[in-house]
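Let's get the model up on the screen and walk through it together.

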Amino acid sequence: MKVLFLIDSLKGYGAEKSIVQIALHLEEVTPIFIHLYKGDKLKSSLDKKGIKVYSMELDAEYSFKDALNSITPIIEGEKPEIIHSTLFRADMVARKLKNVFPHIVLVGSLVSNSYGINRYKQLSPISRIKLFSTQLRDRMTASKVDFFVCNSKAIKKSNIKALGIPGNNVKVIYRGRCFDDYLPTAESVSLLKKELNLDGHTVFLNVSRLHKGKGQLDLLKSFKVLNTQNPKLILLIAGEGSFRVELEDLINSLGLENNVFLLGYREDIPELLAISDYFVFTSYFEGLPGALIEAIISKTPSIVSDIAENRECFVENGALFYKSGNILELSKKMEEALLMNNWQEKVDASYKYAEENFDIAKVSLQYENFYKEIISKSEKLDENI
């Protein structure tokens with residue numbers, strides 16, 4: 001069976017990283033990738049596994065007609081049984097392709113609480129109108145999709161409502177990670193700690209795209225309260241994005257230049273987790289956050305915004321939770337984390353839960369079974385026509 005994964009880019013963040021990890025561990029499915037826009041950090045890992053990647057590198061952000069013209073001959077040559085799209089622009093192109101190839105099963109991905117109230121609250125009035133327009137486009141074309149795969153129960157619930165899609169067409173399969181990737185060598189950990197000059201400091205880590213909805217402005221303000229009391233604290237923020245300037249300005253205005261470091265996009269997340277004492281995740285909305293799963297696998301004590309998408313990653317009381325947007329409560333939870341003596345019990349229980357639910361081999365097997373199931377359903381439907 002051949003599955004063509006259509007995605008916006010392969011830059012290396014959340015949904016992109018997750019779908020690549022799944023593809024790398026498929027055994028009975030032949031994966032092929034098409035990414036529409038520039039950004040191919042993940043391409044090398046696919047190349048090493050012998051997975052074919054077509055890079056469109058389109059210039060215009062919404063050049064759907066150009067994408068359609070470029071992709072059509074690829075599909076005619078590859079003849080996939082399934083097209084699986086991920087992220088909005090790829091979804092829009094895939095739904096247009098369904099008009100050209102109605103016999104190919106189309107799978108869409110639901111990867112974030114894109115149209116939830118928490119996201120709308122973060123936006124200006126004009127941005128809310130734009131997001132609502134996007135939601136309408138998504139909703140009006142969702143009927144083109146044969147099946148959806150969703151990365152959490154919380155996201156399934158919110159997207160069924162937002163897009164008006166039937167729940168029986170949505171399959172929940174969690175994101176996965178390869179646990180062995182989060183066992184860095186003692187040497188690599190020691191070198192990184194020395195590089196970042198962290199000896200004698202207590203380290204908080206945030207791994208996330210630099211975006212207003214990720215709550216990093218709240219994190220900086222909360223950290224300032226804590227750092228005033230304890231100047232030996234360090235906050236590392238790993239990730240890149242359009243919100244960098246705003247974060248840099250706040251770091252400077254709060255006088256945190258010697259205690260907060262924006263590390264940019266990193267490929268050494270296992271090492272960063274290993275040198276960190278605590279993981280802080282401050283999002284207002286999510287999918288099933290891969291960065292949080294990685295922290296759990298690394299057994300890093302976590303302070304997390306209390307949203308359904310984050311709760312789903314943990315056992316009960318597996319982390320410290322605070323109300324998203326509540327800066328004072330976040331600073332208190334970070335302070336509480338420093339004083340707790342039962343973290344081992346929490347991280348061990350959450351790790352065990354992760355082994356059962358987020359192991360990439362198990363997740364990829366679920367995807368293979370899902371693909372087989374929907375092809376079988378499609379074939380039976382064709383027989384009855």
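Predicted model: local features only at pLDDT ≥ 70, side-chain atom pairs only at ≥ 80, totals over all residues.

Residues are numbered from 1 along each chain as its sequence is written, and side-chain values use heavy atoms, with hydrogens and water left out. When I say helix or strand, I mean DSSP runs, numbered from the N terminus: H or I of at least four residues for helices, E of at least two for strands.

Back to the sheet. β5 and β6 run parallel and are joined by 4 bridges. They belong to an open sheet of 7 strands, in the order β3-β2-β1-β4-β5-β6-β7, with parallel pairing. The edge strands, pairing on one side only, are β3 (52-58) and β7 (170-172). From one strand to the next, the twist averages 20 degrees. Pairing, by the way, needs at least two DSSP bridges between two strands. And angles here run from 0 to 180 degrees between N-to-C directions, with axes fitted to C-alpha atoms, for helices over the stretch in contact.

Now the helices on that sheet. Helix α3 (residues 64-78) lies across β1, β2, β3 and β4, at about 165 degrees to β3. Helix α7 (residues 153-163) lies across β5, β6 and β7, and its angle to β7 is about 165 degrees.

Next up, helix α1. Why call it largely enclosed by the rest of the structure? Because 9 of its 11 residues (14-24) are buried. Among the buried ones are E16, S18 and Q21. Buried means under 20% relative accessible area, exposed over 50%, and partly exposed in between, using a 1.4 Å probe and protein chains only.

How many cavities of 30 Å³ or more does the search find? There are 2 in the whole structure. A cavity is a set of points, on a 1 Å grid over the protein atoms alone, where a 1.4 Å probe fits but cannot get out, and lining residues have an atom within 4 Å of a point. Volume is the space filled by probe spheres set on the points, which are joined across faces, edges and corners.

The largest cavity holds about 100 Å³. Its lining has 13 residues, with I19, V111, N151, R175 and Y367 nearest the centre. α1 gives the most, 4 residues.

The second largest cavity is about 40 Å³, and α12 (290-297) and α15 (343-357) each supply at least two of its lining residues. K299 is one of that lining too.

K299 sits in the loop between α12 and β12 and is partly exposed, at 37% relative accessible area. K79, in the loop between α3 and β4, has a positive phi near 55 degrees as well. At 61% relative accessibility, K79 counts as exposed.

That's my tour, so over to you.

How values were computed: 1 Å grid on protein atoms, 1.4 Å probe; cavity = no way out; pocket = protein on both sides within 12 Å on 5 of 7 lines; lining within 4 Å. Contact = heavy atoms within 4.5 Å.
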